[in-house]
Amino acid sequence: MSILENTPPIERVCVVGAGVMGASIAAHLANAGVQVVLLDVIEGAAASAIQKMLKTQPAPFMHPKFAKRITPGTMDDLSSIDDCDWIIEAIIERLDVKHQLYAQITPHMKPGAVLSSNTSTLPLKSLMEGLSPEHRPYFMITHFFNPPRYMRLLETVISEHTDPDAANRIIEFCDHRLGKSIVPCHDTPGFIANRIGTFWLHCAVTEAVKQGIDVEVADAVLSRPCGVPKTGVFGLLDLVGLDLMPHILDSFSTALDLNDAFHSLGPAPELLNKMIDDGYTGRKGKGGFYRLNILEDGTKVKEVINLTTGEYAPAKRPSPDAAKAAKKSGLKETLRHKSAEGQYAWSVMSQTLRYAASLASEISDDVDAVDRAMRLGYNWRWGPFQLLDKIGTGWFARKLKSKNMNVPELITQASGRKFYKVRSGVMSILGYDGTYSHIHRPKGVISLEDIKRQKAPLAHNISASVWDIGDGIACLEFHSKMNSFNPFVLSMINWSHGELPRRGFKGLVIYNDGTNFSVGANIAMLLITSKLRLWTVIRWILRYGQNTFGKMQSGPFPVVGAPHGMALGGGCEILLHCNAIEAHAETYTGLIEAGVGIVPGWGGCKELLRRWTLSKKRPGGPMPPVMKAFESIAMAQVSKSAFEAKDMLVLRPRDGVVMNRDRLLAQAKKRALEMSKDYHPHEPIEMHLPGPSGKTALSLAVKDFLNKGVATPHDGTIATQLAWVLSGGETDHLSTVSEQGVLKLERDAIITLAKTPETRARVAHMLKTGKPLRN
Amino acid sequence: MTSPQIPIVISGYVRSPFTLAHKGDLAHTRPDDIAAQVIRGLIRQSHTDPALIEDLIMGCAFPEGEQGFNVARLVGFLADLPLKVAGVTVNRFCGSSMQAIHMAAGAMQMGAGEAYICAGVESMSRIPMTGFNPMPHPQLAEDMPGSYMGMGETAENVAKKYKISRADQDAFALTSQTKAAQAQSEGRLAQEIVSIQTADGVVESDGCIRPETTAEALAGLKPAFDQNGTVTAGTASPLTDGASATLVTTEAFAERQGLKPLAYVRSFAVSGCQPEIMGIGPVRSSQKALERAGIGIEDLDVIELNEAFAAQSLASIRDLKLNPELINIDGGAIALGHPLGATGARITGKAAEILHRQGGKWALATQCIGGGQGIATVLEGVS
């Protein structure tokens, strides 16, 4: 889907209803850069919701300053709707109240403006009954998932009355500007994700109670083996709030046909109601199925409820054999496991998958829509039909039959075939008519996964590959563990630098499909080499990394970084050396090397100094760039979004922010192509740094932090080394320090720190626990 | 006693509202704009002919950035003072604008003019406390750590050396807040405040005072400068934005111009002390100033002692044997705020104003200064 050329842009949006969903939808609209009006019936509710969101974690705003884009108001003055392009209703799920509201709103809608409902349960058909014929073409359902900033799913429902241009205008906006993956749904109760998700949750709880399965065991066997987040079922219910469940279950009980399998699950267990009555509503209350108990000595103990007795006991983190079986041989082994846990997993997943298969054609255009909805709305790693492919539709059908369970028609029709298969390098999907057809990516989306199916890499090793993504642009992909940096990754960058120009490539994009762009350098090597006192080797690795990153800046073609998720340490340093960045809005980046006892050593100090030196927004004199870089590195600051990364100058003002993760690679490629037309390599600069006086100033600040107890002794040692690097060593501020000079200081500082037992302890602790040691 | 040959009087005193740095209402306003509006307010309220002013002496602790160049001269331009009125910026850190008064009084004793505006300004939002380019002398910093020591650490040193307990500091801070809140609610601060026009509207009242402060809340605060210390954010003056100004003239000038002097400037003094315990600075400077005025502590009716920290205030009070009843009766810096360069003129003007209001005979205004100094001024009431 592309942005319609003749479609007027969405510049101003009104959200009616300042509850949790309405307010956080408003916040995400503000993230997208539009002006938002947030209205509520209660005086002051909208303003108070904005203030509350500024303190909420995870933050609804991508930058606190975006809160100013929202104008709060009340329903007493609807004139603010007059010039809005889109009005989103997010009020109580009562048809009569919604109809009443529509009657108030519609007279204020300008021609072409669209009204949509964020309902999660009410059918479009019923909602439209409250609208006059002239407004029906401009009405649709846009169902966001909570929290709207982070959940990528947007379910949409339109009718035959909906004006296609009006609907496309909203869909295009939600795709490009809000970063949503749009899943069109049929007008059925709960649409797709909640219809299946609620069944799954309810089934898992009732079966656990019925079969006497412990909460932790249920979560262990339903999470990792099924590709579900480690919160599992009970942890997820604690997160969303137990008190919501009775409302949701009531709503489905009323809305669904009596022959729907949902009814066979029965009512919610009595324990759930008791827990809610006692204030155990989940993480927002006193706890839920899990709770954090603080003992008299202050120790925090995670406890879990016994579903039979209702008593809490310390959590044990069990690892049932049925779950381990999946690790060895896949989900099917879990489902066929003879243990009680295996039988529990079968009962929950067989009912859920059967339910999804029996409903699919009723609720969606194709099974991919169902899978996408569950992946994006419930964070499942694989959707129901991908899970069916994993266990095999033939095996599943046979197993159902052996248990005297009906086999859904869709499974029978698949007749042992997979729902997804690759044909001629293109992913195809089994349609409801029993034939395969290609899955079409939305226009403007480039998928590295698709490219990898169709061709061999230009070069590759165990940690990185280089792909031809067309039009003379190559893509460097990391695929080491957690996309960490090691000499193999560096060697692939060097290969790209030397070989791609010879092969006629015009630019390089650094991108991968992983959860995170890169978590940094592989610090195991640092630990080993420092324990063996191989200082020369450490110095060589540092110089090799610095030279490699330096080549990216000075090479003959532009290099565009396309980060997403975490880009930490070395992952941030490589970005700092890209000629441009197109970052996904959810990019969390920073130079966090202090956490493992060192300073950035692959040019991170140098590049941040350079950027602050060249910044026109900083005060004059030699100290401000040094202080800015020092603050960022010593405090191991990590941006909470790409917009915050701009404040830190990891992203420059001219770098781009892409809201839709699926469009990141295409945008980075486009940027590389644009830059290749008139590309000028990086020009090294000479910097006036303050020398020992600057180091003294920073050391005084470090002393204050030590006195306050917010820095540990080794924090102080690292910060002092960092101060020395950033101040330019022994220079005088009338002299200049070259970029190479700062790089040498980086290397010297790391060697000095690597010789300390405290730094080695930090590295070892990080490798063992994944958490920083505060020694 | 060494009486001035030419009687010098404080003929006017005003200030801007004092608001919290970074989050207060003046944070987004340039300090020179704040100061210029205060100077205009002083001219307006005192009904002075600005053409008769000899000089604008302006104190500023970090005279750089927007309060850089020669900010006094630039503020003169912004305030539409006649071009013939000169301008000089003076820096004695927290004592800067009290120093401005001393310089004016001294100059007038030399016959160098008859009327001075002695002012002070500091935006701690817009110019950081160490300035934009702190570059301490490395060897001095190593040999004499006190020379660049943070003020919070010096307060902890004073608390330890003079055995000022956490409870006493909290009680002192609570009293400061209570007095300031009461003065504000009774309108005792309104007269001295000049409203400041900002891009976001007019700022009319102080923003630092916390009338809701309780002993329990203060007791619950963690130490702010030393994890094992006793000084908290509640017992330290907050980072503040603001400006102040006094009109300092000869008595003869005031009479000729029909001004209403608030008090005579009878003596003043500065002194040095160990920088590690700079908070004790008021002791020696006050003793010197009182001696020069020929009076003793027991003669004082009004005392304005700058509350940089509760610890150093209490140590100074104890050493000087000051009567707590007479100190900072309209609240001190812990409650009102402490825009470094502006505080000296505020407490001197305030001492004069209270003396005038209450009809007392002698007043002392004194403060400590970073780097290990004290400064003091003795005023005499106008009968």
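In helix H21 of chain A, the residues A:Trp535, A:Ile538, A:Arg539, A:Leu542, A:Arg543 and A:Gln546 meet A:Leu743, A:Arg747, A:Ile750, A:Ile751 and A:Ala754 of helix H29 in chain A. Being in contact means that the C-beta atoms of two residues, placed from the backbone, lie within 7 Å. This is a predicted model, in which local features need pLDDT of at least 70, side-chain atom pairs count only at pLDDT 80 or more, and totals for chains, interfaces and linings use all residues. Residues are numbered from 1 along each chain as its sequence is written, while chains are lettered from A and ligands numbered from 1 in the order in which they are written.

- The contact of H21(A) with H29(A) divides into 7 nonpolar, 1 polar and 3 charged residues. Ala, Val, Leu, Ile, Met, Phe, Trp, Tyr, Cys and Pro count as nonpolar, Asp, Glu, Lys and Arg as charged, and the others, Gly among them, as polar.
- Two packed helices are described by the angle between their axes and the distance between the axes.
- The axes of H21 (residues 535–554) and H29 (residues 739–754), both of chain A, come within 10 Å and cross at roughly 145 degrees. Axes are lines fitted to C-alpha atoms, for helices over the stretch in contact, and angles run from 0 to 180 degrees between N-to-C directions.

**A sheet in chain A**

- Strands E9, E10 and E11 of chain A form, in that order, an open sheet of 3 strands with antiparallel pairing. Two strands pair if DSSP finds at least two bridges between them.
- The edge strands, E9 (290–294) and E11 (312–314) of chain A, each pair on one side only.
- Neighbouring strands of this sheet are turned by 40 degrees against each other on average, direction ignored.
- E10 (residues 300–305) of chain A is joined to E11(A) by 3 bridges, and A:Val304 stands opposite A:Ala313 in E11(A).

**Chain A as a whole**

- Chain A has 30 helices and 25 strands. Helices (H or I, at least four residues) and strands (E, at least two) are DSSP runs, numbered from the N terminus.
- The C-alpha atoms of chain A fill a box of roughly 80 × 65 × 65 Å, taken along the principal axes.

**Chain B and confidence**

- The contact between the chains takes 16 residues from chain A and 14 residues from chain B.
- On the chain B side, 8 residues are nonpolar, 4 polar and 2 charged.
- Chain B has a mean pLDDT of 97, and 99% of its residues reach 70 or more. The pLDDT is the predictor's confidence in each residue, from 0 to 100.
- The model scores ipTM 0.89 and pTM 0.90.
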